Amino acid sequence: MADIILKVKDLTKRYDNKPAVAGISFDVKKGEIFGILGPNGAGKTTTLEMIETLRSIDSGKITVAGIDVASKPNEVKKIIGVQPQSPAFQDKQKLSEIIELFAAAYGERVNVQHYLDEVQLGDKADSFAEQLSGGQRQRLSIAAALVHSPKVFFLDEPTTGLDPQARRNLWELVQQVRDTGVTVIITTHYMDEAELLCDRVAIMDNGKIIALDTPKKLIKQLLDKGFKKEQQVEQANLEDVFIDMTGKALRE
Ligand code: ADP
């Protein structure tokens with residue numbers, strides 16, 4: 001189908017004869033934000049890294065934009081962007097040089113200022129990587145992962161450790177990236193984040209996908225089963241208080 005950008009079929013991976021990914025199949029549509037959720041050890045990172053060509057596949061098939069990952073990894077690499085979990089940059093390198101370097105790795109010359117502006121680091125082009133806060137490093141790594149205009153963009157737990165302002169800013173950034181037509185695949189442990197950001201989510205456990213749907217439909221299915229919890233009457237929570245008092249503007 002034309003609107004499917006990623007196809008995963010019967011994918012498996014074993015470690016020490018124990019299945020880490022136990023035969024999963026799913027499709028991701030062009031232009032959606034697709035979440036992969038699950039407890040630690042569920043197989044999320046293994047799945048992502050097989051799609052990203054970083055780990056070998058035991059069996060099954062993955063295609064990105066119709067290109068087979070196992071037989072044409074280099075072609076797949078050209079059309080995907082990967083934001084690393086813990087971005088590492090040379091401390092003594094300027095942000096502008098870092099973007100240039102990433103672009104050069106893909107044989108591209110880019111408008112460095114444009115990419116830094118996009119992630120609100122425009123005024124930091126001449127700063128060194130070591131001067132960045134955690135949120136700024138995350139944003140730089142996003143800019144660096146997008147310099148070759150990938151079709152699919154992967155983020156593995158991008159907001160872990162960020163303060164509420166930086167988290168909100170990152171959500172907006174991910175939505176902006178999606179709005180430019182890029183398909184986004186994201187893992188997170190934060191269910192509020194997944195609910196707000198993802199068009200559809202796959203929930204993994206023990207190497208299998210145990211649910212896949214829109215957050216709204218998954219919630220409705222639970223309610224239809226008769227699930228009830230104590231009604232919360234508060235219209236705000238502590239995070240709302242925090243944001244009300246300290247504002248939405250980025251602090252770094
Ligand atoms: P998640 O990202 O959901 O936390 P992982 O994909 O990292 O899960 O891990 C899935 C399972 O595979 C876990 O049981 C983990 O211990 C195992 N595993 C992952 N990577 C390796 C590895 N390189 N060698 C051995 N076992 C691994």
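Which hand does the crossing of H5 and H6 have? The crossing of H5 and H6 is right-handed, meaning that the near helix is turned clockwise from the far one by less than a right angle. This is a predicted model, in which local features need pLDDT of at least 70, side-chain atom pairs count only at pLDDT 80 or more, and totals for chains, interfaces and linings use all residues. Residues are numbered from 1 along each chain as its sequence is written, and side-chain values use heavy atoms, leaving out hydrogens and water.

**Helix packing**
- Helix H5 (residues 134-145) packs with helix H6 (residues 164-179) at an angle of about 15 degrees, and their axes are 10 Å apart.
- H5 and H6 are therefore roughly parallel to each other (angles under 35 degrees).
- Helices (H or I, at least four residues) and strands (E, at least two) are DSSP runs, numbered from the N terminus.

**Salt bridges**
- The count is 13 salt bridges (a side-chain nitrogen of Lys or Arg within 4 Å of a carboxyl oxygen of Asp or Glu).
- Asp27 forms a salt bridge with Lys7, with the closest N and O atoms 3.2 Å apart.
- Asp27 lies in strand E2 (residues 18-29) and Lys7 in strand E1 (residues 4-15), so the pair ties together parts 20 residues apart in sequence.
- Arg178 forms a salt bridge with Asp179 (3.2 Å, N to O).
- Arg178 also forms a salt bridge with Asp199, at 2.9 Å between the closest N and O atoms.
- A network of salt bridges links Arg167, Arg168, Asp192, Glu193 and Glu239.

Note on methods:
Axes fitted to C-alpha atoms, helices over the stretch in contact; angles between N-to-C directions. Parallel < 35°, antiparallel > 145°, perpendicular 65-115°, else oblique.
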